[in-house]
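User: Please take one part of this model and go through it closely, for someone who has not seen it before. I would like to follow how the pieces there are arranged.

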Amino acid sequence: MSQPPYTPGDSPLVREALSSVVSRETAPSTPVSIGYLPSRQDGDWPRPPRQRIITIANQKGGVGKTTTAVNLAAGLSMHGQRVLVVDLDPQGNASTALSVEHRGDIPSVYQVLVEDMALRDIVSPVPDMPNLYCAPATIGLAGAEIELVSLVAREARLKRALEAFDSIELDYILIDCPPSLGLLTVNAMVAAEEVLIPIQCEYYALEGVSQLLQNVELVRVHLNQSLRVSTILLTMYDGRTRLASQVADEVRSHFGESVLDTVIPRSVRVSEAPSYGQSVLTYDAGSSGAMAYMDAAREIAFRGAAVSGK
Ligand SMILES: Nc1ncnc2c1ncn2[C@@H]1O[C@H](COP(=O)(O)OP(=O)(O)O)[C@@H](O)[C@H]1O
Ligand SMILES: [Mg+2]
């Protein structure tokens, strides 16, 4: 690549992010630590002063959105937080990983968004995980991208449904987005105050992030002034490659404090857990992936007071 791939309308942040893709090969590399916070913080974590709604978005597929939604939710719930995962991806991978039924004929987020069903009628408790709940997605949700277009308040339907949900006093709502920037993701961004972007530590890591940031900005300006990118999480970090540490360094230098200290390593256990209908935290609590997701959840909980107060 000889020319930076940005266009004249891009914001300075976007340009920076994109030019970093270009300059990656020449960037200085410093070691990235996969740090664990002290275990004295294990017990119940402080509840946020008010409910936090976090949209987990990146229009690239396979960067760890669903894995992050499920495992952060599990980690938070295991430390006394009441957490709802909203599965907004028609593939229903978060529902699968949480062992929540999502066959085609059961009521799901589709009915909530398109048919005005109450969220309380589709939310299920997650088996064996007190404090954790899931609003499942079914494959029919794929049609919602089109069907929403003609509906009233099409961008704010999830927000409305979440506001009307009063069955459980939730501390966190984590919204797992599909790999696109369509109306489902816009609904997630309108409903939330925070966006968490998982970034995979690989060569094209920042490709597409500029477009995502532009969309966050568009939603902020036109639809939801309180929206901001609060958190960036580096995922699938492979400590054996120099490239992974270079990508991590560059993401940190461009996004600063919003990047969690914790980096999620690539770990077979993480990828195995969903096929057992489990988070990695319950599937193999001692694995590197489980410990890292627990640390990431802890960081989010402890940064919470400052973040939520803004
Ligand atoms: N830290 C990790 N180590 C190993 N495999 C992972 C890790 N994170 C995610 N995966 C696997 O990578 C694939 C894509 O992850 P997923 O969370 O489904 O991404 P997305 O939701 O962004 O499409 C899945 O098969 C998942 O199990
Ligand atoms: Mg996914």
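Analyst: In this predicted model, the axes of helix 7 (residues 183-191) and helix 8 (residues 209-222) come within 10 Å and cross at roughly 55°, where axes are lines fitted to C-alpha atoms over the stretch in contact and angles run from 0 to 180 degrees between N-to-C directions. Helix 7 is therefore oblique to helix 8, oblique being what remains once angles under 35 degrees (roughly parallel), over 145 (roughly antiparallel) and 65 to 115 (roughly perpendicular) are set aside. The crossing of these two helices is right-handed, a word used when the near helix is turned clockwise from the far one by less than a right angle. Helices here are DSSP runs (H or I) of at least four residues, and strands (E) of at least two, numbered from the N terminus.

Residues are numbered from 1 along each chain as its sequence is written, while chains are lettered from A and ligands numbered from 1 in written order. Local features need pLDDT of at least 70, and side-chain atom pairs 80 or more, whereas totals for chains, interfaces and linings use all residues, and side-chain values rest on heavy atoms, without hydrogens and water.

Helix 7 also packs against helix 6 (residues 157-164), at an angle of about 45° and with the axes 7 Å apart, so this pair is oblique as well. Helix 6 passes helix 7 in a right-handed crossing.

A backbone N or O atom of G62 lies 2.7 Å from an oxygen atom of ligand 1, and a polar side-chain atom of K65 lies 2.9 Å from an oxygen atom of the ligand.

Methods
A polar contact is a pair of N or O atoms within 3.5 Å; within protein, one must be able to donate a hydrogen and the other to accept it, and residues adjacent in sequence count only if both atoms are side-chain atoms.
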